[in-house]
Amino acid sequence: MGIDDWAIAIMESLGVVGAGLLVAIESLFPPIPSEIILPLAGFTASRGSFSLVGAIIATTAGSLIGALGLYYLGRFVGVARLRRWADKVPLMSADDVDKSMIWFGKHDKVAVLTGRFVPIVRSLVSIPAGVERMHLGLFLLLTLIGSGIWNSLFIILGFVLGENWTVVEAFMAQYSRLILVIAVLALAVVIVLRIRRQRRAHQAGDPSADI
């Protein structure tokens, strides 16, 4: 049984509760793609298992539950732990955490809202929001708006396309690969620049080069 058959079986057995549950799990475990779950929820709704509106409400509630779990994970971890962990990771330091949190503090609203439209980031953006202790009401509101738009789009597409819902999956697979390639390239650039900076610091005799 593939993930699509498994998801359909859960949604047909549990109804909209199953759809919401799957999205909540997807929020906590990004490898389970919402790009499959959401169109499938629309397709299942088109077969009469539940209503289109019910699917949108249930999956958005699932998104909120998953995001809330990661938000509180970020609050539990906190900045202090992140700084200690960063100091133990090669090519990273506590300063990187400080700079990242300063950036997030300036752009937290935009990051939480727009992050809901980017694979992987959609789930992970909740963690720095928790670390920064972003106002919970604002976090939930932005998550509700972003996730509501994202969920509605794919559920409606799945509902309209019916048996051809896999067209959405194929398109989003390409989108996800593009995002992944961009992320890997960006990470590679950061690593190369960091290594070059450390080498120059070593050559200049800077004792902080190992940080």
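Me: How many salt bridges turn up in the whole structure?
Reply: A search of the whole predicted model finds two salt bridges. In one of them the side chains of Glu26 and Arg122 meet, at 3.5 Å from N to O, and this pair links distant parts of the chain, since Glu26 sits in helix α2 and Arg122 in helix α6 (residues 121–124), 96 residues apart.

Me: Is that Glu26 buried or exposed?
Reply: Glu26 counts as buried, because its relative accessibility is 4%, which is under the 20% cut-off. Arg122 is buried as well, with a relative accessible area of 9%.

Me: And which residue does Lys109 pair with?
Reply: Lys109 forms a salt bridge with Asp108, and the closest N and O atoms are 3.9 Å apart. Here Lys109 is partly exposed, with a relative accessible area of 47%, whereas Asp108 is buried at 9%. As a general point, side chains of opposite charge can pair when their charged atoms come close.

Me: Back to α2, at what angle does it pack with α3?
Reply: Helix α2 (residues 16–28) packs with helix α3 (residues 34–46) at an angle of about 170°, and their axes are 10 Å apart. That angle makes α2 roughly antiparallel to α3.

Me: Which residues of the two helices meet?
Reply: On the α2 side there are Ala19, Leu22, Val23 and Glu26, and they meet Ser34, Ile37, Leu38 and Ala41 in α3. Glu26 is also the residue whose side chain meets that of Arg122 in a salt bridge.

Me: New topic, what does Leu136 touch?
Reply: Leaving aside residues up to four places away in sequence, Leu136 touches Leu68, Tyr71 and Tyr72. Leu136 is found in helix α8, and the C-alpha atoms of Leu136 and Tyr72 are separated by 9.9 Å, although the two residues are 64 apart along the chain. Leu136 counts as partly exposed because its relative accessibility is 28%.

Me: Which residues make the nonpolar surface patch?
Reply: Leu141, Leu144, Ile145 and Ile149 make a nonpolar surface patch of about 340 Å². Of these, Leu141 has its place in helix α8 (residues 136–161), and with a relative accessibility of 44% Leu141 counts as partly exposed.

Me: Last one, where is Arg133, and what is its phi?
Reply: Arg133 is found in the loop between α7 (126–131) and α8, and its phi is near 60°, a positive value in a residue other than glycine.

Note on methods. Residues are numbered from 1 along each chain as its sequence is written. This is a predicted model: local features need pLDDT of at least 70, side-chain atom pairs count only at pLDDT 80 or more; totals for chains, interfaces and linings use all residues. Side-chain values use heavy atoms; hydrogens and water are left out. Patches are made of residues with over 30% relative accessible area and no salt bridge: like charges are joined within 9 Å, nonpolar side chains (Val, Leu, Ile, Met, Phe, Trp, Tyr) within 5 Å. Accessible areas come from the Shrake-Rupley method with a 1.4 Å probe; for residues, only the protein chains shown count as cover. A salt bridge is a side-chain nitrogen of Lys or Arg within 4 Å of a carboxyl oxygen of Asp or Glu. Helices (H or I, at least four residues) and strands (E, at least two) are DSSP runs, numbered from the N terminus. Buried means under 20% relative accessible area, exposed over 50%, partly exposed in between (1.4 Å probe, protein chains only). Axes are lines fitted to C-alpha atoms, for helices over the stretch in contact, and angles run from 0 to 180 degrees between N-to-C directions. Angles under 35 degrees count as roughly parallel, over 145 as roughly antiparallel, 65 to 115 as roughly perpendicular and the rest as oblique. Contact means heavy atoms within 4.5 Å.
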